[in-house]
Amino acid sequence: MPSVVDVLKARRESGSLPGARADGYRVALSIEGGGNRAAYSAGMALGIDEAGLTDCFDAIYGTSGGALNAAWLLTGEAQRWLPTWASPEVMSAGVTDPRRVLRGGVMVDLRLLVEHVYEQVTPMDFDAILGNPISFHPLATDARTGQPGDLAPLIKDRATLQTALRASACLPLLSGRPVRLGGRTWVDGGLSEAVPLRTPLSAGATHVLVLRTRREDQRLIPTRGEGVILAPYFLAFARGARRSYVVRHHTYADDDRTLSETVPHMAQVRPPLGSPDVGRLSTDLDSIAAAIEIGRTTLRGLF
């Protein structure tokens with residue numbers, strides 16, 4: 001079997017277009033999230049588009065911030081808008097604002113993001129995403145069962161697309177109550193499938209390219225304090241998701257091991273060792289901008 005990189009290069013060289021493939025493969029792009037750490041995968045996605053590879057994929061999967069990057073790729077305006085992770089105008093919109101908590105609001109206002117920032121500040125072409133022959137698959141965690149869910153079948157129009165973006169990135173407690181979509185409630189996909197790998201493979205992907213946001217030496221480490229703080233939230237709103245939260249570091253480690261194996265049909269791009277840490281709630285625009293450029297440069301090295 002040819003490698004995922006070779007398949008993508010061959011598709012680019014032949015001018016292969018989604019919906020009209022001749023090679024018999026189904027190639028997925030999977031994008032990890034992690035709050036503002038997704039600036040790394042934003043840079044990688046930017047590199048994908050600059051390299052003329054976006055149309056070489058059949059499906060794009062994303063978790064949390066990775067779903068936002070996936071959406072930008074499918075608008076056809078990735079090169080214009082992906083760098084705005086480091087935009088002062090976006091930051092000043094106040095999507096993340098601890099002061100809101102004092103007024104009874106949420107720290108991370110995802111409705112403000114998709115219904116104001118993505119409408120007025122950095123307009124996202126939702127119709128282009130809906131009409132794109134490359135399928136869009138934001139992943140979220142079912143609040144009742146704790147299982148990962150592909151929200152693609154629930155996206156019918158602009159409103160449900162915006163709701164799916166909110167659901168995929170709904171951080172427990174920080175973003176308020178779980179997001180309701182399709183008769184179920186959802187929280188951040190990172191609890192159950194931080195690295196969107198198992199879902200595309202189970203859906204029939206023959207090849208997967210994964211854009212990561214953690215370096216090889218970074219691990220998902222549980223903290224007792226965070227668990228104690230989140231316990232009342234899970235008890236009240238997302239009992240099933242608590243189980244995924246508790247074991248998420250094991251799931252993440254399993255995905256790390258799978259992707260570290262030398263298998264041709266999967267490849268990953270990670271921030272190189274020594275890359276700066278970017279917190280999921282970071283407001284440091286310089287470090288976010290640096291992460292975008294590092295991700296972009298790292299992706300270029302693969303193609």
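Arg-111 has a relative accessible area of 43% and is partly exposed; buried means under 20%, exposed over 50%, and partly exposed in between (1.4 Å probe, protein chains only). The model is predicted: local features need pLDDT of at least 70, side-chain atom pairs count only at pLDDT 80 or more, and totals for chains, interfaces and linings use all residues. Residues are numbered from 1 along each chain as its sequence is written, and side-chain values use heavy atoms, with hydrogens and water left out.

Arg-111 belongs to helix 7; helices (H or I, at least four residues) and strands (E, at least two) are DSSP runs, numbered from the N terminus. Apart from neighbours within four places in sequence, Arg-111 is in contact with His-116 and Arg-166, where contact means heavy atoms within 4.5 Å. Arg-111 and Arg-166 are separated by 55 residues in sequence, yet their C-alpha atoms are 6.9 Å apart.

Two packed helices are described by the angle between their axes and the distance between the axes. Here the axes are lines fitted to C-alpha atoms, for helices over the stretch in contact, and angles run from 0 to 180 degrees between N-to-C directions. The two helix pairs are listed below.

| Helix pair | Axis distance | Axis angle |
|---|---|---|
| Helix 7 (residues 110-121) and helix 9 (residues 158-168) | within 9 Å | roughly 130° |
| Helix 2 (residues 39-50) and helix 14 | 6 Å | about 45° |

With its axis crossing that of helix 9 at roughly 130°, helix 7 is oblique to helix 9. Angles under 35 degrees count as roughly parallel, over 145 as roughly antiparallel, 65 to 115 as roughly perpendicular and the rest as oblique. The crossing of helix 7 with helix 9 is right-handed; a crossing is right-handed if the near helix is turned clockwise from the far one by less than a right angle, and left-handed if anticlockwise. On the helix 7 side the contact is made by Leu-110, Arg-111, Val-114, Glu-115 and Glu-119, which meet Arg-158, Gln-162, Leu-165 and Arg-166 in helix 9. By class, this contact of helix 7 with helix 9 has 3 nonpolar, 1 polar and 5 charged residues. Ala, Val, Leu, Ile, Met, Phe, Trp, Tyr, Cys and Pro count as nonpolar, Asp, Glu, Lys and Arg as charged, and the others, Gly among them, as polar.

The contact of helix 2 with helix 14 divides into 10 nonpolar, 3 polar and 3 charged residues.

Ser-282 sits in the loop between strand 8 (266-269) and helix 14 (285-300). Ser-282 is buried, at a relative accessible area of 14%. Leaving out residues up to four places away in sequence, Ser-282 touches Asn-36, Met-91, Ser-287 and Ile-288. The Ser-282 side chain also reaches the backbone nitrogen of Asp-284 at 3.2 Å.

**Positive phi at two loop residues**

Most residues other than glycine have a negative phi. Ser-64, not a glycine, has a positive phi of about 55°. Ser-64 lies in the loop between strand 2 (59-63) and helix 3 (65-75) and counts as buried, at 6% relative accessibility. Leu-173, likewise not a glycine, has a positive phi of about 70°. Leu-173 is found in the loop between helix 9 and strand 5 (179-181) and counts as partly exposed, at 41% relative accessibility.

How values were computed:
A polar contact is a pair of N or O atoms within 3.5 Å; within protein, one must be able to donate a hydrogen and the other to accept it, and residues adjacent in sequence count only if both atoms are side-chain atoms.
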